[in-house]
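Open the model in your viewer and keep the selection tool handy. We will go from stop to stop, picking out side chains as we go.

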Amino acid sequence: MTVRNEMNLSFESRSCNESFARSAVGAFVAQLDPTIGELNDIRTAVSEAVTNCVVHAYRDTIGLIRINVKLTADHTVIIRIRDNGVGIEDVHQAMEPLYTTASSEERAGLGFAVMQSFADSVTVRSKPQKGTTVTLRKTFARRTNHV
């Protein structure tokens with residue numbers, strides 16, 4: 001895997017920063033010349049991952065969310081969203097559709113399912129009280145020689 005370009009971003013886990021992360025990653029990924037649908041898929045997956053950090057990782061506190069984005073020579077985008085929050089006890093269970101640790105009236109428990117539907121692959125690594133890293137991968141069709 002040859003990385004052609006890379007971006008690092010960090011911001012506080014405030015809900016108002018979700019749209020910032022979504023837009024920043026979308027603008028960076030635009031170098032790969034994705035279709036509007038592909039770009040919206042990535043933006044939505046990032047939005048879900050960041051929302052999980054805000055709602056679950058830091059709960060009623062403010063912490064740091066870090067995003068690393070790599071664009072590869074084969075038109076793949078690799079996005080890592082990382083927090084140092086409460087972590088996930090059982091990643092397999094957390095990735096089940098409709099599972100949530102928040103009040104069922106507040107959350108549908110579909111964040112990971114949405115990420116999986118919009119990315120080619122989703123990997124989750126987590127340790128209780130240490131944090132979580134979500135890695136999203138998506139390969140776009142080659143349309144131009146950007147990047």
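Which side chain meets that of Lys138 in a salt bridge? Select Asp41: its side chain and that of Lys138 form the bridge, at 3.7 Å from N to O. (A salt bridge here is a side-chain nitrogen of Lys or Arg within 4 Å of a carboxyl oxygen of Asp or Glu.) Lys138 lies in strand β5 (residues 131-139) and Asp41 in helix α2 (residues 36-57), so the pair ties together parts that are 97 residues apart in sequence. Both residues are buried, where buried means under 20% relative accessible area, exposed over 50% and partly exposed in between, with a 1.4 Å probe and protein chains only.

A word on the ground rules: this is a predicted model, in which local features need pLDDT of at least 70 and side-chain atom pairs count only at pLDDT 80 or more, while totals for chains, interfaces and linings use all residues. Residues are numbered from 1 along each chain as its sequence is written, and side-chain values use heavy atoms, leaving out hydrogens and water.

The whole structure holds 2 salt bridges. For another, select Arg14 and Glu12, whose closest N and O atoms are 2.6 Å apart. Arg14 is partly exposed, with a relative accessible area of 38%, and Glu12 is partly exposed, also with 38%.

Next, select Phe11 and Phe20, an edge-to-face aromatic pair with 6.0 Å between centres and 90 degrees between planes. (Rings of Phe, Tyr and Trp, the last by its six-membered ring, pair if their centres lie within 6.5 Å; planes under 30 degrees apart count as stacked, over 60 as edge-to-face and the rest as tilted.) Phe11 is buried at 7% relative accessible area, whereas Phe20 is partly exposed at 40%.

Technical notes
Helix = DSSP H or I, 4+ residues; strand = E, 2+ residues; numbered from the N terminus.
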